[in-house]
Amino acid sequence: MLVIALFSGGARAEQINVMNSGGFSAAYKALAPGFEQASGDTLNTAWGPSMGASPEAIPNRLQRGEAADVVIMVGYALDDLIRQGKVSADSRQDLADSRIGMVVKSGAAKPDISTMDGLRQALLNARSIAYSDSASGVYIESKLFKLLGIEDQVKGKARMIQKIPVASLVAQGEYELGFQQVSELLPVSGVDFAGKIPEQAQSITTFAAGVPSNARHPEAGRKLIRYLASPAAQDAIRDSGLDSLSSSLR
């Protein structure tokens with residue numbers, strides 16, 4: 001009944017251009033077929049981080065004039081685009097919260113990182129540490145190491161990874177510990193999930209969606225956002241490693 005309500009109105013089918021960042025990717029991939037089947041629309045998706053200097057980063061794609069009807073990205077990066085007038089403020093919708101977790105190579109011992117002391121010791125004992133170039137990695141590099149009082153000790157063995165999933169390098173044995181948002185770690189084979197970092201050390205990232213100001217199909221974009229925020233989407237969101245939000249639909 002909810003799906004019928006979301007897609008009632010007899011609007012013609014559209015191709016919706018979506019730009020999506022890594023943390024929401026697994027949930028989006030699980031939900032996209034159901035949306036396309038129920039709505040009749042098709043989704044054309046470009047992937048890239050929410051920030052950074054890479055050409056694939058969503059702000060850089062928009063700056064180049066790439067077409068988008070929906071952007072899905074870290075909430076505070078989306079807010080920057082709203083302030084710049086590139087995304088319509090009234091289209092903004094929170095979708096899910098994301099926490100940081102850790103992986104090791106499959107079969108390797110999993111350090112207990114459930115406490116601050118355990119996390120600190122795991123980082124000190126590790127031969128090498130990898131973290132992403134998006135929101136979680138920026139937090140780890142700029143704040144977490146300082147919070148744990150180990151910034152100098154890990155400086156020579158910790159590295160920010162550009163563009164590719166951190167867990168893939170852990171799976172290959174290039175790094176002993178890998179940190180990223182849980183939803184980006186779980187889909188990667190060849191690693192074992194060790195757990196989330198302690199709540200006292202967490203940086204919770206909210207993923208949100210919005211419609212660019214120059215979207216070609218803004219109403220179709222809003223329809224997709226309503227679907228991604230709907231109660232029907234929450235199981236897929238939780239299964240992907242994200243934390244579901246209870247939010248009212250716009």
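**Entry 1**

Strand β10 (residues 205-210) is largely enclosed by the rest of the structure, because 5 of its 6 residues are buried; buried means under 20% relative accessible area, exposed means over 50%, and partly exposed lies in between, with a 1.4 Å probe and protein chains only.

I wrote down that this is a predicted model, in which local features need pLDDT of at least 70 and side-chain atom pairs count only at pLDDT 80 or more, while totals for chains, interfaces and linings use all residues. Residues are numbered from 1 along each chain as its sequence is written, and side-chain values use heavy atoms, with hydrogens and water left out.

**Entry 2: the open sheet**

I followed an open sheet of 5 strands, whose order is β7-β6-β8-β5-β9 and whose pairing is mixed. Its edge strands, each pairing on one side only, are β7 (158-161) and β9 (191-196). On average, neighbouring strands of this sheet are turned by 25 degrees against each other, direction ignored; axes are lines fitted to C-alpha atoms, for helices over the stretch in contact, and angles run from 0 to 180 degrees between N-to-C directions.

Strand β6 (residues 129-132) pairs with β7 in the parallel sense over 4 bridges, and I found A158 in β7 as the bridge partner of I129. Helix α6 (residues 135-148) lies across β5 (100-105), β6, β7 and β8 (177-181), and runs at about 125 degrees to β6.

**Entry 3: aromatic pairs**

How many aromatic pairs does a search of the whole structure find? The search finds 3, where rings of Phe, Tyr and Trp (its six-membered ring) pair if their centres lie within 6.5 Å, planes under 30 degrees apart counting as stacked, over 60 as edge-to-face and the rest as tilted. I looked at Y28 and W47, whose ring centres are 5.7 Å apart and whose planes are at 80 degrees, so the pair is edge-to-face. This pair links distant parts of the chain, with Y28 in helix α2 (residues 25-39) and W47 in strand β2, 19 residues apart. Y28 counts as buried at 3% relative accessibility, whereas W47 is partly exposed at 34%.

For F35 and Y227, the ring centres are 5.6 Å apart and the planes are at 50 degrees, so the pair is tilted. F35 lies in helix α2 and Y227 in helix α10 (residues 218-228), so the pair ties together parts that are 192 residues apart in sequence. I checked both residues, and F35 and Y227 are buried.

**Entry 4: T42**

Last, I looked at T42, which is found in strand β2 (residues 42-47) and is partly exposed, with a relative accessible area of 39%. Leaving aside its neighbours within four places in sequence, T42 is in contact (heavy atoms within 4.5 Å) with E14, Q15, I16 and E36. The C-alpha atoms of T42 and L186 are separated by 27 Å, and these residues are 144 residues apart along the chain.

Key: Helices (H or I, at least four residues) and strands (E, at least two) are DSSP runs, numbered from the N terminus. Two strands pair if DSSP finds at least two bridges between them.
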